[in-house]
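Let's walk through this structure together, one question at a time. Have the sequence and the model open beside you as we go.

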Amino acid sequence: MNISGVTLKAALPLATAAAVCTVVVIGVMPDNDSPHPEPTAAGGQVPTAPPVQSTVENSDDPATWRLPIETYMPTPSATLAVAHVRGRLMDECMSKAGFDDWKPAPDLPDIDGRSFTDGRYGISDAEQVAKWGYHRDPVLMKAYNDAMLEGAVDESGAPDEQVRQCAEQADTGVTAAQTNPLIEQIDIEGYKASLDEPAVKDVFAKWSACMKAEGYTYATPPDAQEDPRYMHPENITAEEIATAKADLVCRDRHQVAETWFNTEVKLQREAITENQDPLNDIRTANQAQAAKATKLARSQ
């Protein structure tokens, strides 16, 4: 396995956003026949020229792979800080309006994984696959659904207009953290384009042949993961687990995730180079918002 340094997570059922660790920097495009990654350089800081570098902490764990476009997204810690500050501002506003019982929706458990790339390329954890096949952790999913139900009920009696006004007032303190449309465009278009790249098509064909030898007929890994038989929210069958196990063996044998990641890195580098100035502006704005949220949090 050899991961290079050069989004649409939602496209896969197991696809999130969480903290990304400081990592090993890789600077070579892959030789897909190599059995193990061979990093060519190491660094402790995110590079200042993100189109040139992507990062990998653990070559066997896709959750530690960092795509170039992530440099221009709000960081998980900044997003959390903004959410907490906005929650405090909303609480203060609603209380002044006479709705002391108003409560913001609870934080939802992160069901997408540990990072932006966790699940982006499909299943990767043998232990989880052996338990749940293509499904997420049922306990985590229950916690998520329970939090969703709790957040859907407002017992304070506050009218929607009052909540809207307080949200607008919170915006004057710090606006909600969100991904810029240009970032989303690069992420989604790059992901879609990667599916048509020769390297990805070739590795999918190898994976398909491997699955065929195991008795399963699928053209691509997403086809297996999105098989309607395995899409029931709660029913995890022995057949699903067996299919997922074979799927993972074939993925690992032909380095599907590594090839796919390297291809996306290449495409994202090209898109970032074409949009470098506006992306730099977005990154600066994200940093300013994070600094403002941190300052407000310290004033509590």
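Contact, as used here, means heavy atoms within 4.5 Å. Helices (H or I, at least four residues) and strands (E, at least two) are DSSP runs, numbered from the N terminus. This is a predicted model, where local features need pLDDT of at least 70, side-chain atom pairs count only at pLDDT 80 or more, and totals for chains, interfaces and linings use all residues. Residues are numbered from 1 along each chain as its sequence is written, and side-chain values use heavy atoms, with hydrogens and water left out.

Q: Which helices do the buried residues of H8 pack against?
A: Buried means under 20% relative accessible area, exposed over 50%, and partly exposed in between (1.4 Å probe, protein chains only). In H8 the buried residues include Ile-241, Leu-248 and Cys-250. The buried residues of this helix pack against H2, helix H6 (198-213), helix H7 (221-225) and helix H9 (256-274).

Q: How far does helix H8 reach from its first C-alpha to its last?
A: The expected span of a helix is 1.5 Å times one less than its number of residues. H8 (residues 238-254) has 17 residues, for which 24 Å is expected. The model comes close to that, with a reach of 25 Å.

Q: Which residue follows H8, and what is its phi?
A: The residue after H8 has a positive phi. It is Gln-255, with phi near 55 degrees.

Q: How many salt bridges does a search of the whole structure find?
A: A salt bridge is a side-chain nitrogen of Lys or Arg within 4 Å of a carboxyl oxygen of Asp or Glu. One of them joins the side chains of Asp-171 and Arg-86, at 2.6 Å from N to O. Searching the whole structure gives a total of 14.

Q: Which residue forms a salt bridge with Arg-120?
A: The closest N and O atoms of this pair are 2.7 Å apart. Arg-120 lies in the loop between H1 and helix H2 (126-132) and its partner in helix H5 (residues 181-194), so the pair ties together parts that are 67 residues apart in sequence. Arg-120 is buried at 0% relative accessibility.

Q: Which residue forms a salt bridge with Arg-164?
A: Arg-164 is partly exposed, at 38% relative accessible area. With the closest N and O atoms 2.3 Å apart, the partner is Glu-168.
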